[in-house]
Structures are given as C-alpha cells and as structure tokens.
Amino acid sequence: MLDLIIRGGRVVTPQGVEQLDLGIQGEQIAALALPGTLEGDVRRIIDATGKVVLPGGIEPHTHIGIPVPETWAGRPEVFTQPPEAASRAAAFGGVTTFVDFAGSLPLTPGEAPSSDPIMRQVEQRRVAFDGHSYTDYAFHFILAGAVPPSLIGEIGEAIQAGVASFKIFTTFNARCPYGHLWEIFQQVAKNGGIMAVHAEEDDIVTYMEQKLKREGRDQGFNLHLVHNNISEDISFRQVIRLAEHTETGIYFVHTTAKEGVAAVAEARGRQLPVYGEALHNYLEFTSEDYKKPGGTIIHTYPALKYPEDRDALQQGLVDGPMCTTATDDYTTSKEVKLSGTTIESVCGGHNGIETRLAVTYAKLAATG
C-alpha cells in the first residue's frame with residue numbers, strides 16, 4: 001500500500017520534466033509511473049494537475065536565530081528569524097532540509113569564539129531547533145579565528161558523530177590564519193569531512209575599506225569595490241592550493257565573481273573535489289542594483305558584482321563548476337536591513353529561504 005499518490009503533475013526528474021504520477025511510501029519516493037498506471041490501495045491522493053512537482057529541496061547555507069552585529073542592526077539584541085519562522089518559509093518554498101551552523105562567530109574585533117568542545121556546541125545549537133522546525137535540519141560547524149589545537153583535535157570525533165562539514169573564513173573578525181587552516185584541512189581530510197569556505201583576501205578587503213573611507217567613497221553602493229573580483233580570485237586559488245596539498249574537499253560558499261567560477265572550474269578539471277555555490281540573488285542582480293532606492297536590500301556578503309560575473313555564475317550552473325544554489329539566508333526586519341548606509345554598516349543577508357527553489361526553477365531550469 002502506498003501512503004500517497006500525486007497525480008497529474010509535471011514531475012521534475014534528473015532527466016527532465018515529464019507528465020508522471022508519483023507514489024510515496026513513508027517519507028520516500030517509491031514509484032514514478034505513466035499517468036493513470038499507479039493502482040491499488042492508497043491512503044491519500046493529491047491532484048497536481050497544472051502544477052510542477054519537485055523533490056524536496058535542500059538549502060545548504062542558512063543563518064537562523066543568531067545575533068545581528070550591532071554595527072549592522074544599529075542597536076543590540078537583534079536576531080535573525082527564529083527556526084519556526086525560517087522552517088515554515090522553507091516548507092512553503094519546497095525546501096524540506098536546511099543546513100545551518102553551530103559554533104560561535106565573533107561579532108566584534110578581538111572577541112574570542114567559544115572554546116567549548118565541538119559536540120557540546122552542536123548540542124546547544126540543536127536544543128534551539130528541536131521542536132521548533134517544520135523541516136529536517138543539520139549543521140555545519142564554524143571554526144573561527146586562530147582555532148585552538150584542542151578544538152582541531154576534536155574534528156575526527158565530530159565527523160564520526162555526523163558533523164562532517166566545517167566552515168572557515170579568510171576575512172572579517174573570524175579570519176582563520178593559514179597555518180591553522182593547514183592543520184584543520186589535514187584533520188578534515190584524514191577523517192573524510194569537507195570544508196565550507198568563505199574566501200576573500202583579507203588584506204585587500206581591509207585596504208579597500210580604508211581607501212574608500214579616506215576618499216569619501218564609503219557609501220553602501222560601493223560594496224563591490226571592497227569585496228572585489230581580485231580578492232575572490234587570490235583567495236580561492238590560495239585555498240585550492242592548500243586543499244590540493246592536503247587532499248581536502250572544498251565547498252566554496254557564495255561564489256560571486258567570474259574569477260571564482262574559473263578557479264573552481266580549473267580545480268575540477270584537475271579532478272579535485274572542489275565545489276561552487278551560487279546564491280540566487282547573485283544569479284539575478286548586479287552591483288548596479290545597489291544604486292537603486294533601497295538597493296542594498298538585496299546585498300549579501302561578499303558583494304554583488306558586474307553583469308559578466310552574474311552571467312558566469314549562470315553559465316557555471318549549466319557547465320558544472322557551480323554545483324548548488326543556496327541563499328545564505330539571514331532574515332531581519334526591513335528596517336534593520338536598510339538601516340546601514342556605508343560599506344561597514346550595510347546589513348548582510350536576505351529572506352531567500354522561501355524563494356530560492358522557485359526562482360531557480362522558473363528563471364533557469366524552465367527557460368533552459
């Protein structure tokens with residue numbers, strides 16, 4: 001007996017979109033069949049005539065229920081949307097699993113991340129989600145700053161316990177020095193994990209911030225001059241070289257530039273386990289949109305760039321260097337999102353967890 005039959009819909013499969021009936025047993029797809037050929041006892045039937053039927057989406061990159069830096073929010077005690085709201089939006093958008101983060105992220109310069117054991121921090125994060133999520137969820141673990149050797153030594157245990165992906169930054173207050181990164185990569189590779197990397201060249205980002213402030217050009221619509229193409233190019237290639245040396249899998253979050261796409265493509269051409277992530281707002285907008293009224297509402301760090309970068313990301317999804325779409329979901333109120341006006345105070349993030357799957361299908365898949 002099937003628990004559910006979905007009839008009459010246009011079903012999206014790896015081979016394309018077809019008119020099919022779909023059978024569900026438990027929480028799994030049990031059958032794909034020609035229209036009208038699924039018969040026998042069934043608990044429930046849904047008529048999906050005129051609708052598109054997609055498998056449940058996986059959102060690999062969210063920041064749910066975490067504090068927003070005061071420099072962005074304009075006041076203390078502001079948090080991104082909580083698990084219940086975020087997971088409800090995800091479900092409405094066809095997302096059945098999202099991957100968030102455990103581990104602390106410094107909000108101010110000099111702030112030290114938590115030194116609690118990895119699995120204790122994961123469990124503390126899980127408590128915030130248990131009983132408050134409409135969908136499945138999992139966690140990457142953030143390794144921020146100069147990670148203590150004791151914490152690096154726990155990576156193998158964490159992977160064995162199911163936390164297999166680790167997030168690092170090469171910029172911001174969370175920047176991980178390359179010596180520490182080398183050791184982290186070795187431990188992750190040795191134990192079969194993967195790295196999620198926010199890669200920008202910190203010296204360039206810092207210099208450009210200071211330069212634009214000196215020149216009176218630190219308006220928020222110039223964010224792409226700070227978080228720029230050459231910064232992504234240099235950082236991606238440094239990380240890839242370190243990953244190649246240590247035989248580590250790399251997942252580059254929010255790739256933004258044609259140079260990043262090219263670096264991932266070259267690495268994959270050498271059969272390296274390197275993967276690129278494209279955010280759906282980077283697939284649509286460019287830095288020119290920052291100049292429109294309220295334009296920074298679409299900003300997610302690093303920064304939107306130029307039309308040729310948007311086109312490279314789109315083509316990267318067609319050709320393969322870009323392996324996933326994601327959102328970097330970081331939802332605040334509109335008031336908070338638009339409160340910052342400078343390159344240092346513009347609030348990152350957007351409310352994409354509900355729209356990503358539909359936008360990706362409608363704008364990319366359905367149009368070929």
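# Pockets, cavities and rings

Me: How do the residues lining the second largest pocket divide into nonpolar, polar and charged?
Reply: Ala, Val, Leu, Ile, Met, Phe, Trp, Tyr, Cys and Pro count as nonpolar, Asp, Glu, Lys and Arg as charged, and the others, Gly among them, as polar. Sorted this way, the lining of the second largest pocket has 20 nonpolar, nine polar and two charged residues.

Me: Before we go on, what kind of model is this, and which pLDDT do local features need?
Reply: Residues are numbered from 1 along each chain as its sequence is written, and side-chain values use heavy atoms, leaving out hydrogens and water. The model is predicted: totals for chains, interfaces and linings use all residues, side-chain atom pairs count only at pLDDT 80 or more, and local features need pLDDT of at least 70.

Me: What volume does the second largest pocket have?
Reply: On a 1 Å grid over the protein atoms alone, a pocket is an open set of points with protein on both sides within 12 Å along at least five of seven lines, a cavity is a set where a 1.4 Å probe fits but cannot get out, and lining residues have an atom within 4 Å of a point. Points are joined across faces, edges and corners, and a volume is the space filled by probe spheres set on the points. The second largest pocket is lined by 31 residues, with L54, P55, G56, G94 and T96 nearest its centre. Its volume is about 930 Å³.

Me: Which element gives the most to the lining of the largest pocket?
Reply: This pocket has a volume of about 1,200 Å³, and of the 47 residues that line it, P69, W72, L105, P106 and L107 are the closest to its centre. Helices (H or I, at least four residues) and strands (E, at least two) are DSSP runs, numbered from the N terminus. Among the elements that give two or more residues are α1 (70-73), α3 (118-129) and α7 (202-214). With four residues, the element that gives the most is α7.

Me: How much space lies in the largest cavity?
Reply: There are two cavities of 30 Å³ or more. Residues that line the largest one include S104, Q121, F141 and L151, and by class its lining has eight nonpolar, three polar and no charged residues. The space in the largest cavity is about 60 Å³.

Me: How many charged residues are in the lining of the second largest cavity?
Reply: About 40 Å³ of space lies in that cavity. Its lining includes T256, K305, D309 and R310. Next to five nonpolar residues and one polar residue, the charged ones number three.

Me: How many aromatic pairs are there?
Reply: Rings of Phe, Tyr and Trp (its six-membered ring) pair if their centres lie within 6.5 Å, and planes under 30 degrees apart count as stacked, over 60 as edge-to-face and the rest as tilted. The count of aromatic pairs comes to ten.

Me: F129 pairs with Y137: how are the rings set, and is Y137 buried or partly exposed?
Reply: The F129 and Y137 rings are tilted, 5.2 Å centre to centre with 35 degrees between the planes. Buried means under 20% relative accessible area, exposed over 50%, and partly exposed in between (1.4 Å probe, protein chains only). F129 is buried at 0%. Because its relative accessible area is 23%, Y137 is partly exposed.
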